[in-house]
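Look at the structure below and find the open space in its surface. Then follow the text from that space to a single side chain.

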Amino acid sequence: MRAALQGAALAFPVRCCALVGRFADPRIAESVSTLLPHLASRGVQVLVSEKAMLAASATAVTRVPEREFGERADLVIAIGGDGTLLYAARLVARHGVPLLGVNRGRLGFLTDVMPQDMLPSVDAALAGQLDADERPLLAQLHGAPGQLAQGYALNDVVMQKRETGRTLDFETRINDHYVNTHDGDGIIVASATGSTAYALSCGGPIIEPHLEALVIAPICAHTLSDRPIVVSARSVIDVALLERPDTQAQVTCDGAVLGALVPGGRLEVRAATERITLLHPADHDYYKLLRSKLHWGRGSFER
């Protein structure tokens, strides 16, 4: 869902901004040193983690626990790679705070503002003039006797083997319908946004990010016919881990470990009601992004 970012639903013009990134990285520190005085000149309060490693000259910041970002910030700027933006998304998942990603990483499917365009893009974000792009989240719940955990993922929820070279046996169900019994290293449930992440390396398709679909992709399946499938985003996916000697599995949300899954435990993945808002420059082109990041068209005529 794309729209101009205007109206009372979001707090614009921006008065308080949170910065997220690995500030000890010299590339990110360079961007932060440029950005801080720029935000100060526009009267924007800047929040950073109380543990942030900033240069001694970076005095115009307010240090707060990261859990307060969602409640206090009107905008979050994630400086780094896609992993940084995914981390920032988890911080504000329940609060609807928009995210702007400045790419100082590698691929950058989500952090699509280049360093040389950072200040103009930030100014446009402060004024509410960027394109707002709503992306759905995946909520996941897994349990064993006496154990329950919940998390949010913008890209994917993954169940995979842990601390052992042995493969896993597990069953999948979609909307209570039995699908398959798998033997492999695990399984990925990815949103359309996450179709260009881990699921892509497992042979999954690229899905346009605004389609309401999920990708279910086995990881290193023992049977070659065990292929990725695409289902409605309204589906409920259940994964049950089966008994097997030395079975150890863990569940991650966007790469962050949520907990262990034991034989008899159950992983449930469904769409969350919460959504994440990404901010893009006006000239953002998803297919141009794919061409750039996946090196399409090299050696042939490029448009």
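The largest pocket is lined by 36 residues, and those nearest its centre are Arg22, Gly81, Asp82, Gly83 and Thr84. A pocket here is an open set of points on a 1 Å grid over the protein atoms alone, where a 1.4 Å probe fits, with protein on both sides within 12 Å along at least five of seven lines; lining residues have an atom within 4 Å of a point. The volume of the largest pocket is about 830 Å³, counted as the space filled by probe spheres set on the points, which are joined across faces, edges and corners.

This is a predicted model, in which local features need pLDDT of at least 70 and side-chain atom pairs count only at pLDDT 80 or more, while totals for chains, interfaces and linings use all residues. Residues are numbered from 1 along each chain as its sequence is written, and side-chain values use heavy atoms, without hydrogens and water.

Which element gives the most to the lining of the largest pocket? It is α3, with five residues. β2 (16–20), α1 (26–41) and α3 (82–92) each supply at least two; helices (H or I, at least four residues) and strands (E, at least two) are DSSP runs, numbered from the N terminus.

Now turn to Arg104, in the loop between β6 (99–103) and α4 (118–126). Arg104 is buried, with a relative accessible area of 14% (buried means under 20%, exposed over 50%, partly exposed in between, with a 1.4 Å probe and protein chains only). Its side chain makes polar contacts with the side chains of Glu30 (3.4 Å) and Ser31 (2.9 Å). A polar contact is a pair of N or O atoms within 3.5 Å; within protein, one must be able to donate a hydrogen and the other to accept it, and residues adjacent in sequence count only if both atoms are side-chain atoms.
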